[in-house]
Every structure is written in structure tokens, then in C-alpha cells.
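Here is a short report on one protein model and its ligand. It covers charge pairs, the ligand site and backbone geometry.

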Amino acid sequence: MFLKTHFIRIAAPLLLTPSLHAAEIKIPDPLAAPDGQLATTPDAWMANVRPPTLQNFREQIYGVRPVEKPADFQAKVIREDPQALDGTATLKEIEITYSGPGGSGKFHPLLLIPNSAKSPAPTFLLFSFGKPDASIEKEKFGAWPVREIIARGYATVAFHVSEVDPDRADGFAEGVRAIFSKQPLAPNAWGALSAWGWGASRVMDYLETDKAIDAKRVALIGHSRCGKAAVWAGAEDPRFSYVISNNSGCSGAALARTKQGERIINITTKFPYWFCENYRKYADHEADLPIDQHQLLGLIAPRLLYVASATQDSWSDPAAEFESCVRAQPVFRLFGKKGLESETQPAPDQAMLDGGIGYHLRTGKHDLAVSDWQHYMDFADRHWK
Ligand code: GCU
């Protein structure tokens, strides 16, 4: 099903990969309702544009969550250490349990709260590729610099995405998707990225009950596949007040229609289970998508958004990630927020922190580095305090 969409025409060459983008490409307008009418007020956008846009992302790309908080949802602290990280933090291991028609499931977020906090702490929620361990600050897939986060007055919580839904093509039976849906899956049924986002929402359900946490200031952060999950979860669940995409690339922050490096055909061939089946229709047919990823970024507005790229990460395509931020700006502006600090992609390692959309291009490879975290916390310092 294709909705009639109002398109903006771009002819300008994009940054970093100019020659490949010179052709005319039609990009959907993030302020347009399905009938083509442009929203001119936040209320009109919330009523007429946001719901059908969100629904298009569910139906065509990530799949529909069949459940939110299950009836028998429980979150318990199963381990607590008030003197973690040399006495600077309180560590809590949480056990989240639930059941549905297909069985029961559980996962174990690890939370660290600064002992210096005099009021509920703003929090960074990390989608983790591995089992979070507060003693390991450098994971295989990116940093979780817990000491630095705590020293800056933030709490942080991480959960292992594969505990919610295994990050494997044959992992379906062992995850939350099997508990709430049956195979064969419908063409719009949730993929693993959506299931991981569901997990983040359940962590939020717990955080809202913990008096040490300021649940109005929770940032979602993920790198790479987890960056895609973070942006999608931030669109689905408006309780997250700050959403961070670290090198999320294809099907994350990057615009699909101008994308170089990884494209839909690559990602749906290698990782079909991350998405709903409908997404495969757009492999090599990006122009047929009724939406593009800048509208996903627009769904975060008017909340805080940060997108980061890395100079050597051509598979993610920094130009397409930045272009997506540029094209998401009208939504932020509609809400009276500044979009990006500047529409020119900044020099490497120059963070743009002044708008409602933060951005930097780190020198180096595809990674979540401590320096990325520093920019994300600087942005929070500036906009949250
Ligand atoms: C692969 C995949 C990317 C993804 C990355 C990751 O490279 O093609 O889309 O971001 O894995 O998650 O590490």
C-alpha cells in the first residue's frame, strides 16, 4: 500500500560522495500528511503527519510490536552493590520477566547510579551487543565508559539485546517475538530491531519506578545495528527524551534514497530477521518507499536527537547520515527548536552541539568510542541542565 506523499526535489550534490548523487532524487517532505497537505503547526503535525508516518515505518520497515507492557510484567532488583566502581556508584542488576501465548522470557539490565547524586539522576540507556559488565569499559563492539559517565553525574543502564531476541537468523524461537507471535510471520510482523526496542521500553518501565532515576531525562544510545534499534525505539516510545544514533547507517539514520555503501539489498539479504518481510520489496527499489529515514529522525522531534558518523565508515555513509539530519530539520523547527547548528557537515571531530540535533564526524573507523560518549554527554549537559 502506498500513500500519496508530497516530495521535495533535490538536485544538489551531497557531501563526501558528490559525483554519485548529482542526479535528481525525490525525497518525501517530513511535514506532509498522506494527502499531501503540509503541517504548519505542531498540533497539525502531531495529528495528521506523525501517526501515518510512524505507521509506515512499522508496516514497511521494522514491523509492528504486537504488545507493549505485558500483563504479568515484573522488574525486580536481584543484586545490589552500593559500593560499585570503588564506591562511586550503586550497581543494580534488574531481572525483567514476562510471558505470553508462546511462553515466558526474561532479561537482565545492569544499572549504575552515581552515589554523588543529590537528586534523581538523568540516565543513558545503552543497547549492548554483549552481556553488560560494569568492570569492562571497552566491549568488543564499542565503549561503555561507566566511570566517566558516573563521574559526570549520569546514571547508566545497559541490556544485552540478544537476551531479548537473539541476534541470529535462527534465533526466533528463543526470543520475545516467539512469545508474542507465531511463525510464519505476517509480512508486517516485528523484526529483531523492533524487539530490541521493545526491550528498551520495558527497561524504561522499570526506570520509571526507581526513585534514584529521573525518568524524564533518559537518553537511548546504540551503535551500528543497535543504533538502528535506538532510533526506531525512540520513534516508537516518546518517553525517551534524547535519542542517539552512533554510526547507525543503512536503515538507521542514513537516507535510503541517496545511500552509498550498504543498501537495502545488502542488509535484507544478510540480516532479513532485523526487519519485517515487507522491507525486502524495496531492495534496489528505494524510490518506492513511501518514507525515508529523515522522517524517522523527524519522529524524535521535538525531543533531543544526536547523530554521529565516522570518517572511515563508508559502509554507513556519513554523507547520507548528515543529509538525513538536514532533511529532518523542518520538523524540529516547526516545534520552535533549532535543527542542526549548521547545514554544512562539520570538520572531523568538531561536534555541533548547539541545535536540537547534535552531530559529529569522528576521525576513525566504525566504532562507539569514548570520545563519542563525551560529545553525547556534552550535548546532555547543555540541553538538560
Ligand atoms: C553489518 C551490517 C550493518 C550493521 C553492522 C553492525 O556491518 O551490514 O548494517 O550496522 O553489521 O551492527 O555491526
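## Salt bridges

Across the whole structure, a search finds 27 salt bridges. A salt bridge here is a side-chain nitrogen of Lys or Arg within 4 Å of a carboxyl oxygen of Asp or Glu. Side chains of opposite charge can pair when their charged atoms come close. The model is a predicted one: local features need pLDDT of at least 70, side-chain atom pairs count only at pLDDT 80 or more, and totals for chains, interfaces and linings use all residues. Residues are numbered from 1 along each chain as its sequence is written, and side-chain values use heavy atoms, with hydrogens and water left out.

Arg152 forms a salt bridge with Asp378. The closest N and O atoms are 2.7 Å apart. This pair links distant parts of the chain, 226 residues apart. Arg152 is in the loop between helix H3 (146–151) and strand E10 (155–160). Asp378 is in helix H11 (residues 370–384). Helices (H or I, at least four residues) and strands (E, at least two) are DSSP runs, numbered from the N terminus.

## Ligand site

Which residues are around the ligand? They are Ser224, Arg225, Lys228, Glu262, Ile267, Phe271, Trp274 and Trp315. To count as near, a residue needs one of its heavy atoms within 4 Å of the molecule. By class, this shell has four nonpolar, one polar and three charged residues. Ala, Val, Leu, Ile, Met, Phe, Trp, Tyr, Cys and Pro count as nonpolar; Asp, Glu, Lys and Arg count as charged; the others, Gly among them, count as polar.

For Glu262, the distance is 2.5 Å. For Ser224, it is 2.6 Å. An N or O atom in the Lys228 side chain lies 2.8 Å from a ligand oxygen. The protein covers 84% of the 320 Å² of accessible area that the ligand has on its own (Shrake-Rupley method, 1.4 Å probe).

## Backbone geometry

Most residues other than glycine have a negative phi, and most peptide bonds are trans. The peptide bond from Gln183 to Pro184 is cis, with omega near 0°. Pro184 is found in the loop between helix H5 (176–180) and helix H6 (192–207). The bond from Ala301 to Pro302 is also cis, with omega near 5°. Pro302 lies in the loop between helix H9 (293–298) and strand E13 (304–310).

Leu85 is not a glycine, yet has a positive phi of about 45°. Leu85 lies in helix H2 (residues 84–87).

Conventions. Polar contact = N/O pair within 3.5 Å; in protein donor to acceptor, adjacent residues only side chain to side chain.
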